[in-house]
Amino acid sequence: MTFEELGVREDILKAISEMGFVSPMPVQEKVIPHLLSADSDVVALAQTGTGKTAAYGLPVIQRIDVDLRAPQALILSPTRELCLQIGADLADFSKYIPQLSVLPVYGGSSIESQIRALRRGVHIVVATPGRLIDLIERNTVSLDNVHTVILDEADEMLNMGFLDSINDILDNVPEDRKMLLFSATMPPDIAAIAKNYMHNPEEFVIGTKNEGAANVRHIFYMVQAKDKYLALKRVADSNPNIYGIIFCRTRRETQEIADWLIEDGYNADSLHGDLSQAQRDTVMKKFRERNLQLLVATDVAARGLDVDDLTHVINYGLPDDIATYTHRSGRTGRAGKTGISVAIIHSREKGRLKDIEKKIGKKFEYSEVPSPRYIIEKQLYNLADRIEKVDVNEEEIGKYIPGVIKKLDWLDTEDLLKRVLSLEFNRLLDYYKDAKVLDLPLESKKKEKKADRAPRTDEEKDRRVAERGYERLYINLGKSDGFFAPNLIDMLNAEIRGTRVDVGRIDLLSGYSLFDVRSGDAHRVVSALKNGDFFGKRVYCEIAQPDKDYAAENKGKGKASRRSRAEALRKQVASGDFTGPKRRSKKFDKDDFVPAKHKKKNKSSNFGKFMKKEKNK
């Protein structure tokens, strides 16, 4: 089938032909004729990269009356980047319709200039929900002539909290408009929008719901959490021509990983919400033009980045939402090309990996982290390819060849080649010399039998004394602070960069904790954790002293606090000033100040007994 057979007009056909469009993609075959001729609305479930913009953009342009200078089509998108991308695509599609005007409307740009453009008259408005609501409230945009409304990436708009804004916008468009809703998934809120605002919608499913692109390989590496960055570098080094996006969970992690990559000599940059719009535009332009090989991004910031030839999508840890993974992986393997989606995980993420496999209907391939030997071999072959394909200016370079040959005449061919390669690879060879294996085994090792273990001495049984080969550390955080073993591991992973710290026995107590690290790492860990912050509490860490009674020290502080409180209450009762708390606490009954949870069991706390005695005196 051709675009002409779908009913696309001649002037639009000419524009898309120059853009390289040959035959329509599945979503375009279904949506274009429906939007041009059918009366019902459309719900299209399709992944990123399936040709959605052209599917709705071509018929929308064709249905515009250029003589009416008023908004006739409204396209809502979740981010400013996607808004700009859609606007640019529509401008390309309408290249040979000079009278047609498309206006992207988004936050972060001057609202006054957008208002001036609306007053001059536009035909298609591409908007983010927040900015469009601002314009509606200022009475500077009229949607009375809108005959087509399109929600692009509707599930992401809901994830970003735009449900109320979408409802308000749809209340301002005519009842008889045609509506198209594009989404990768079908959560309940999307179904509610379809039910409340659409007229007998027809559902088109491209592929299978929540399924990833068919031509994407899904690979995972499993390493210690501390080794994730080292594994990331090896993935990049083993693919010299990599052109990909590294997805991180937070803005802070995104900037941190990008800074490390740049510092280590990689052609990388970051894209996240803390950057100004000008900075984000610059980074996106550099990446689209392939002046960057690696883009480290958050999911939201990468929404408007439409690139067809990515070789890799790298998940620096798995997202919480499975739909987010399908969005990520769908950014590679587009336009009929193959792609690779890589997940770098630690052992605690295996369960989430299996959940994703069930939803996308594909199995992740386990792969070992590329070894130094493999990386160097790949880099050498890549250099050989570059040497073979380099353009040689015979006329210019020929002037210098005789002199170079004379200088290097004493070297034979093999020796010359070794020196050329060493000049290029000495840094890489030095870096990977004696590099460790990063992989974790897929199955955890069986626990040692008690008979195979050396018995612990009485000294080692003392929680203040470390295991052999380890140093015992004290940290002023315990169970009463909500501090547990995973918090300690996460804190070490966040604060210590470089080689992984081996953690031994961990003893968690109420007011503090003791844990073992390798003797050589003790001072590094103490230095990294000191003066940190754990939910507002200043962290203190030191090498534990066997003769220091930390339990008594922490326990004493707590008792002193309770004694002071009890003494203050006793004085108030004795003086007659105490009449009960001004605000009733959730924990205490108003009559006898006994904790409610104890009262249900007909028991009273020591504090309650004390208050009863004082009241009866």
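Mentor: Two strands pair if DSSP finds at least two bridges between them. Helices (H or I, at least four residues) and strands (E, at least two) are DSSP runs, numbered from the N terminus. The model above is predicted, so local features need pLDDT of at least 70 and side-chain atom pairs pLDDT 80 or more, while totals for chains, interfaces and linings use all residues. Residues are numbered from 1 along each chain as its sequence is written, and side-chain values use heavy atoms, without hydrogens and water.

Trainee: Thanks! How many helices and strands does the protein chain have?
Mentor: Both kinds of element occur in the protein chain. The count is 24 helices and 20 strands.

Trainee: And what share of the 617 residues counts as buried?
Mentor: Buried means under 20% relative accessible area, exposed over 50%, partly exposed in between (1.4 Å probe, protein chains only). Of the 617 residues in the protein chain, the buried share is 45%.

Trainee: What share of the contacts with a separation of 6 or more comes from residues 24 or more positions apart?
Mentor: A contact means heavy atoms within 4.5 Å. Among contacts in the protein chain with a separation of 6 or more, residues 24 or more positions apart account for 74%.

Trainee: Which residue of β4 stands opposite L74?
Mentor: Look at strand β2 (residues 73-76) and strand β4 (residues 124-127), which pair in the parallel sense over four bridges. Opposite L74, strand β4 places V125.

Trainee: Which are the edge strands of the four-stranded open sheet?
Mentor: Its order is β16-β17-β15-β20, and the pairing is antiparallel. The strands that pair on one side only are β16 (503-508) and β20 (541-543).

Trainee: What is the bridge partner of Y474 in β20?
Mentor: Strand β15 (residues 470-475) runs antiparallel to β20, and three bridges join them. Within β20, the partner of Y474 is E542.

Trainee: What angle does helix α20 make with β16?
Mentor: Helix α20 (residues 485-495) packs on this sheet and touches β15, β16 and β17 (513-518). Between the directions of α20 and β16, the angle is about 135 degrees.

Trainee: Which strands does helix α21 lie across?
Mentor: Helix α21 spans residues 522-529 and runs at about 160 degrees to β20. The strands it lies across are β15, β17 and β20.

Trainee: Why does K233 count as buried?
Mentor: You will find K233 in helix α10 (residues 228-237). Not counting residues up to four places away in sequence, K233 touches L261, D264, Y266, Y431 and Y432. K233 is buried because its relative accessible area is 6%.

Trainee: What is the relative accessible area of L416?
Mentor: L416 lies in helix α18. This residue is partly exposed because its relative accessible area is 34%.

Terms used
Axes are lines fitted to C-alpha atoms, for helices over the stretch in contact, and angles run from 0 to 180 degrees between N-to-C directions.
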